[in-house]
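Here are my notes for someone opening this structure for the first time. Keep the viewer open and go through the points in order.

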Amino acid sequence: MALLFLQCPPGSSLSSRPLLPRSFLLQMFPDSGLTIVNSSANPGLLRPSLVYGKSRETPHTLSLPLSLTLAPHFYPGVWIPKHSSTSTMSKKTHRSRVVAVVLVVLTVSVIAAIATMVIFFKIQTADMNPTSRPTISPSTTPAPPVTRLPRSVIPDRYKIFLHLQFYTRTPEFENTTNENQTERFTGNSTLFFKSVQRSSAIYLHSSNLTVFDSVVRNVDTGEVVESRVEYNHEWSEFLQVSLGQALEVDGNYSLSLKFEGWMAFLNGMFLSIYEERDSETLRFLVVTHMQPTDARKVFPCLDEPDLKAVFQLNVIHRRDSSVLGNAEIFDSSIIDDEWKITQFYPTPRMSTYLLALAVSEFTPTPSLHDRVQINTFARPEVTAAGHALFAANMTGKILQFFEEMLGINYPQKKLDQIAVLYLDPEIAAMENWGLITYLEEVLLYEEGVSSLLDKETITEMIAHELAHQWFGNLVTMKWWNELWLNEGFATYMTYKAVDQVEPHFKTEETAMARHLQAAFSQDVLASSHPLIPPPEKVQTNSEIKDMFDDTTYTKGAMILRMLVDIVEERVFNKGIRSYLLDFSYRNSETRDLWNHIQKAVNEDGGHTRVAEVMESWTTQTGYPVITINTSNGEVSQKHFLLNHSSESSLWWTVPIRVMSKSSGPSMVWLDTDSTVKKEELISKNEDWVLANVNWTGYYRVNYDPGNWQSLLTQLETEPQKIPIMNRGQLIDDVFNLARAKLVNVTLALNFTRFLRKETAFLPWELAIKNLKYYVHMFDRSEVYGPLQAYLRRQVSDLYHFFKNYTDIAAVPQDHTSQHNQVLAINLGCSSGLPECVSMARTMFSEWMNNTDYSIHPNLRSEIYCHGVAAGGVAEWEFAWRMFENSIDISEKEHLKEALSCTKKIPSLNRYLQYTLDPEKIRLADVASIISFVVRNVAGQAPAWDFVRANWDYVENEVSAGLLESITSRFSTQFELEQMQQFFVENNMQHSVDAQKCIEEVQVNIQWVHEHRDILHRWFLHEAAA
Ligand SMILES: [Zn+2]
């Protein structure tokens, strides 16, 4: 599964696409407690999938265009079926209102279809007679499960019939705008299994399903075993099938169950929607998302990753729709005027969370591949416009690459991908075996609208999901605590694939470095977790979901990258090939992976003890900082913590790839918590020594002052001698060491000097990220002028490097250069570089004079913002008109942000006032607009005044994070007191959020107090130099 990209590359945009009709949400979830806050120029349309995704205050955060809250009862507790006429799910929580109307109209056809289902079920359960309640022999019952299923039953295969009653098109006989759709489904399933323990009960997972009519049969003898669906354990989501006699050890059995349920909201099986652009007609489709624990919402099953089975799926659906599943279609036939049945071939043996289906009218775009039939499905108009062509082209190439690299062919004959508008809020894509689901914006590419940089996202997404076809689907982690075996591998393999198919993306310098930084910043927090937590810490659904975080994905990938550097790529690849072969269609643990890599190391004559080296990195939270004294070769390590007074006794087995000015890279080891001496770390002839070459190690490095100085001199004289990855790493390390008070802040700033001549993206990106805090702390003080002057001086050459492209609104070929061009405009204009400001002003007025004037999609966000900033009331008015009239989402987003960039206080106040008027600004945008205004130095005070004056309104409509985004920039005693007074007035002084804000501002005040004078002097000196 790929998490939703929270931070898009600069200049990237969301593709234009239709939104979710408001009436649809209200209609689908009438009793859900769903509060839909919407009122924009486009009041009918909403888009929920990004709604409650995490929002981070960065210039390129995906926007969250509406807010929506779910009442607690929306996801109800597990119901307890008593299995009588009263045993239904809480009608409150499900769409009874929808159904009530629909059923009247649909009774005839539904009855016909149910009759069809009954026929199928009868065929399956022939000779089985549902029986009365059996007598249970308690002595053989396995202890009731706690959170994990007992292993008394080993699944072999499931035969599943699902009957979906929804319409892909609004039924013609209903001339209403609502209550004409149904999300009800019914079905039956037969689980074939082996009994490995004498047991008088079978436990399965089931959530929000009504399950009944169990039939258990001994497949070996044909004998029917008395059975009864007993109960669901409320919080474990277990369903118990009690038996009249114990199952025999080694006996082969089948368990048939009927069930009915309702589609869930963006998980399990759910209804999705889109609008045909020309006809404005609504179309419906059904898709699934089962990871990690939602297969149980679709059918009763053994829903744990190591209980793999073969799935044979049969779907009854409306005649005008078609179904995609994990496997190929075996047969599709018409049942009657209304219904059709589609039967699939059995899937490979796989985990329940990989099961998928999609019922839609989508159309395919094929990819080239010599053996596998690959199709990318999307809305018909999107397919016709060719928006899936880029993805289709990449998919064929990447699949071929993985087959060759891993030495194992993709095992199915077909691979489908589908681009949908809505998935679980924090998810961008899901690797279901043979049917990968993606959000449209990470799969579709629209020429002239999408940014070129969007191609990187699309390629990375496809590579990640295709890597899962081996790492995750073919070989699966035994339990969720080792999720990194899926996600760390998929993340690592993404770099390999992208590098192969699109080498000019230089994915190491962009995506990889971004991920490394994400891992470092999450893993330094007290809330982080070891890569592999003990299994007992990962038991409940929410504990399992929490595993899908930066640590699992990116720390996992980074420690694999570190291992590759230790054992060499050739040996590593050999190890993972034999690991995949050995565990195909099975489940593995981390130690299995190490064993196979160890075998490859041994065969190659190496001596690395893989498991021993990797243990400290997988079982401990955090990472070390190593300190090297290059005058005597002494090296030591300690746990890197931002709070330098914290104590920790953790230590790691650290591989140190080291080079010097005169000698190439070699490896030394630090495998103790004491200080040791290493010959290779001694500086010869006053040369510099550089550790963590190419930033392959997952740690930070500190040096003696003399070596820091030698590295600085090298960067300022001949930076190319230092590898590009290390030019970024040195900046990121030294700023973080300064934050932890291990080095002086002026040393960190000295490492930005060489940027004046630097044209590579990575060092610039990391410098700007790290300098952001300095800008925020000083932008309302006397330090700001010299700081801006310094940044202007530094960025000047970089700006001119791209000027020929920028001046004609064009972009360079090379992708990292495209990133850097956007950065140069952003920094140039925001630091007041005259030629940048004048370029933005000119280009913006060209656009004002001629709205057909086209600015390259990569550059729009920056030009709009700085055009408005450099202009006056007329520019702002123009941007407002364009914002009001635009129907293109990405364009609207650019403009929404640009409107906050003006330096004119009256315009800023007007914009803030507009957020009170839902006719002008939809409520969903209020928080992001206030945050944008806060980011503007001119907008800070107006935004704070506005929020305080309108707290009653703002409080109800925006996220808690807004207050923090305003106060996190406070750095004076006056601001602290003002804030505390505000908290008291609003009776918030004891809240956790308020305490967090107060603590943060106190840290800021202390930091500014300690650094103001020294930084003022430093910036004055450097700006004048
Ligand atoms: Zn994934």
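1. Let's begin with a charge and a ring: Arg148 lies over the face of Trp479, 3.5 Å from the ring centre. There is another such arrangement at Phe883, where the charged end of Lys892 sits over the ring, 4.6 Å from its centre. Bear in mind while looking at these that the model is predicted.

2. For the overall picture, the chain has 1025 residues, and 63% of them count as buried. It is built with 30 helices and 34 strands. If you take the contacts in the chain with a separation of 6 or more, residues 24 or more positions apart account for 75% of them.

3. Now to the zinc ion. Which residues supply its protein donors? They are Met1, through both N and O, His464 and His468, each through NE2, and Glu487 through OE. Along the chain they follow the spacing M-x462-H-x3-H-x18-E. Within that set, His464 sits in helix α5 (residues 454-468) and Glu487 in helix α6 (residues 484-501), so you're looking at a link between distant parts of the chain, 23 residues apart. Both residues are buried: His464 has a relative accessible area of 6%, and Glu487 comes out at 0%.

4. Next, have a look at the open sheet of six strands, ordered β1-β24-β25-β23-β22-β21 with mixed pairing. Why is one side of β1 and of β21 left without a neighbour in the sheet? Because β1 (2-3) and β21 (363-366) stand at the edges, each with a single partner strand. For β21, four bridges make the join to β22 (residues 373-378), and the two strands run antiparallel. You can find Thr365 standing opposite Thr376 in β22.

5. Helix α4 (residues 389-406) lies across β21, β22 and β23 (414-420), and runs at about 150° to β22. Helix α5 also packs on the sheet, touching β1, β23, β24 (427-430) and β25 (435-439), with its direction at about 150° to that of β25.

6. Aromatic rings deserve a tour of their own, with 50 aromatic pairs in the structure. Take Trp708 and Phe751, which form an edge-to-face pair, 5.4 Å centre to centre and with 80° between the planes. Trp708 belongs to helix α13 (residues 705-717), while Phe751 is in the loop between α15 (745-750) and α16 (761-778); the two are 43 residues apart, and the pair links distant parts of the chain.

7. Tyr790 lies in helix α17 (residues 784-801) and Phe1019 in helix α30 (residues 992-1024), so the pair ties together parts that are 229 residues apart in sequence. Tyr790 and Phe1019 are both buried. Elsewhere, Phe471, Trp484, Phe489, Tyr492, Phe572 and Trp594 form one aromatic cluster.

8. Then there's helix α25 (residues 923-935). Why describe α25 as largely enclosed by the rest of the structure? Because 12 of its 13 residues are buried. Among them are Leu923, Asp925, Ser928, Phe932 and Val934.

9. Finally, some backbone details to check. Gln291 and Pro292 are joined by a cis peptide bond, with omega about -5°, and Pro292 is placed in the loop between β15 (282-289) and β16 (310-318). Asp213 has a positive phi, near 55°, in a residue other than glycine. Asp213 is in strand β9 (residues 209-218) and is partly exposed, with a relative accessible area of 34%. Asn694 also has a positive phi, near 65°. Its place is the loop between β33 (689-691) and β34 (700-703), and Asn694 is partly exposed at 35% relative accessible area.

Conventions. Residues numbered from 1 in each chain as written. Predicted model: local features only at pLDDT ≥ 70, side-chain atom pairs only at ≥ 80, totals over all residues. Heavy atoms only, no water. Phe/Tyr/Trp six-rings, centres within 6.5 Å; stacked < 30°, edge-to-face > 60°. Buried < 20%, exposed > 50% of the residue type's maximum accessible area, 1.4 Å probe, protein only. Lys NZ or Arg CZ within 6 Å of the ring centre and 35° of its normal. Donors = N, O, S within 2.8 Å, 3.2 Å for Na, K, Ca; no water. Pairing = 2+ DSSP bridges. Contact = heavy atoms within 4.5 Å. Axes fitted to C-alpha atoms, helices over the stretch in contact; angles between N-to-C directions.
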